[in-house]
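Please examine the model shown below, with attention to charged side chains and to the meeting of the chains.

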Amino acid sequence: MNPAASALDIEIRLLLEAIYLRFHHDFRSYSMASLKRRIAVALPRFGCETVSALQAKLLHEPDTFNALLQYLTVQVSDMFRDPSYFRAFREKIVPDLRTYPSLKLWVAGCSTGEEVYSFAIILDEEGLLDRTLIYATDINPEALQKAEAGVYAVERLSAFEENHRLAGGKRPLAAYCTTAYGGAALSRSLRAKVVFSDHSLATDNVFAEVQVVSCRNVLIYFARALQDRAVGLFKEALPRRGFLGLGSKETLQFSPHMHAFEEHVRDDRWYRRC
Amino acid sequence: MLSAPKSYGVVVPRVPAVKAVCIGASAGGIEALTAVLPSVPADTPIPVFVVIHLPPGRSSRLVELFASRCQARVREPLDKEPIGPGIWFAAPDYHLLVESDFTFGFSVDEPVHFSRPAIDMLFTSAADVYGEGLVGIVLTGASQDGADGARAIRDAGGFVIVQDPMTALASTMPAAAVGRATPQIVTTLPEIALLLRDVARARES
């Protein structure tokens with residue numbers, strides 16, 4: 001490591017501090033390597049040569065922040081991304097969920113909602129959706145709006161359908177959406193079971209007890225301290241025997257909370273609260 | 001101190017100064033990696049990071065494949081795993097990054113030059129952390145990926161080796177790296193294997 005922080009590192013720290021003070025979004029404990037890359041990609045789009053210039057622009061033209069937020073948080077997902085994760089949910093977790101009279105799931109960092117609807121569809125196919133409520137949270141209001149609208153480009157449907165099939169899908173995906181004007185809209189019966197809400201794993205607290213938390217490819221963007229905070233929230237939100245699902249490269253192995261969980265489906269990163 | 005391939009007459013890195021090696025390969029990469037990775041000694045004290053582009057959706061058998069061919073330990077890291085010596089392959093569908101606390105970072109940001117993992121992402125983040133202690137190697141490929149990353153390594157004072165495009169199965173990627181990064185060494189796979197063996201060997205102290 002370089003002994004002294006580079007000018008760029010200092011500028012980034014100051015930018016994140018400015019964002020926190022001015023907009024109350026806390027990126028100060030994010031993983032630096034990918035944040036650096038995202039900021040580098042954003043700079044030319046804002047006509048800025050340096051991170052300091054971007055900081056000045058943000059402070060003096062606060063409307064810029066929403067556009068920057070899209071660069072800092074953009075996340076790409078698909079319905080039933082990593083089908084084996086959803087297949088494991090269906091086969092190794094749903095049978096347990098049947099024993100509950102009512103169910104709550106929390107999709108943390110839901111971005112534009114693809115995974116939220118994936119869970120809703122599986123729960124409907126398994127006859128559990130009627131007694132389920134899904135909390136879908138994110139820090140990006142624009143992403144949340146898209147998630148709530150539940151409309152995806154028609155071109156993406158065939159990939160979604162293939163994933164759905166690999167995840168053990170029981171009906172054609174077309175049963176859950178209507179296509180018009182180049183968009184596929186998820187049916188109202190699914191959307192009615194989801195509460196979309198602004199929530200930050202960096203600054204907010206637990207809001208409900210839930211039986212399942214799914215938080216995939218969100219923790220990879222957090223540095224260790226923030227990961228620990230987020231997993232702490234999940235630990236608090238889950239009762240004993242509750243389930244936590246992570247992304248395929250994410251692990252509790254290096255977490256101080258690892259002893260609060262046991263591996264439930266190891267290869268698909270499903271953990272169980274103990 | 002190594003002796004450079006004579007025809008290039010360049011200064012090669014002082015071995016003790018090398019803290020890590022990163023390698024990028026694309027089309028023809030499995031064969032090229034098979035020619036160079038087995039020369040990493042079993043007791044190497046440094047990490048060797050590898051990004052190879054694979055067709056999307058294919059689950060990776062790289063670790064199994066190369067574990068049987070290499071003396072050094074071959075692994076695929078997990079998020080925030082501490083970096084240790086041995087060969088580390090980037091997982092399919094994630095960018096692999098080096099964090100400044102010497103752990104692995106991951107991202108699912110957009111593909112770079114149509115690739116995730118991208119060589120540029122690994123090289124650039126590793127250059128940030130290892131500076132002049134980093135050796136970057138760009139092998140065969142039909143992509144522009146790796147050129148900007150190799151440039152970043154040079155800018156940070158590190159050392160860049162590129163497979164001679166004339167000898168590469170696909171010349172686009174090494175040619176782009178030569179053009180963008182003015183590497184210290186441009187040479188054949190057998191020479192790269194020897195260089196890798198030397199920079200990755202155990203330190204006598």
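**A salt bridge between two chains**

In this predicted model, A:R81 and B:D93 form a salt bridge through their side chains, with an N to O distance of 3.5 Å. Side chains of opposite charge can pair when their charged atoms come close. By the rule applied here, the interface of chain A and chain B holds four salt bridges, and the count over all chains comes to 28. A:R81 is placed in the loop between helix 4 (64–73) and helix 5 (83–97) of chain A, and B:D93 in the loop between strand 4 (86–89) and strand 5 (95–98) of chain B, so the pair joins two chains.

A:D82 is partly exposed, with 26% relative accessible area, while A:R216 is buried, at 5%.

Other salt bridges lie within a single chain. A network of them links A:R90, A:R98, A:E125, A:E126 and A:K170. In chain B, B:R197 and B:D198 form a salt bridge whose closest N and O atoms are 3.8 Å apart. Here B:R197 is partly exposed, at 40% relative accessible area, and B:D198 counts as buried, at 19%.

How many residues does each chain bring to the contact? Chain A brings 28 residues and chain B brings 26 residues. The size of an interface is often given as the accessible area lost when the parts come together. Between chain A and chain B, about 2300 Å² is buried, 53% of it on carbon and sulfur atoms. The rule also finds 14 residue pairs in polar contact across this interface. On the side of chain A that touches chain B, helix 2 (32–45) and helix 10 (224–237) each supply at least two residues. Helix 2 of chain A gives the most to that side, with six residues. By type, the residues of that side comprise 11 nonpolar, nine polar and eight charged.

Finally, confidence deserves attention. Chain B has a mean pLDDT of 91, with 90% of its residues at 70 or more. Over residues 1–9 of chain B, however, pLDDT stays under 50. Where pLDDT is low, the predicted coordinates should not be read in detail.

Conventions. Residues numbered from 1 in each chain as written. Chains lettered and ligands numbered in written order. Predicted model: local features only at pLDDT ≥ 70, side-chain atom pairs only at ≥ 80, totals over all residues. Heavy atoms only, no water. Contact = heavy atoms within 4.5 Å. Buried area = accessible area lost by both parts, 1.4 Å probe. Polar contact = N/O pair within 3.5 Å; in protein donor to acceptor, adjacent residues only side chain to side chain. Helix = DSSP H or I, 4+ residues; strand = E, 2+ residues; numbered from the N terminus. Nonpolar A, V, L, I, M, F, W, Y, C, P; charged D, E, K, R; others polar. pLDDT = per-residue confidence, 0-100. Buried < 20%, exposed > 50% of the residue type's maximum accessible area, 1.4 Å probe, protein only.
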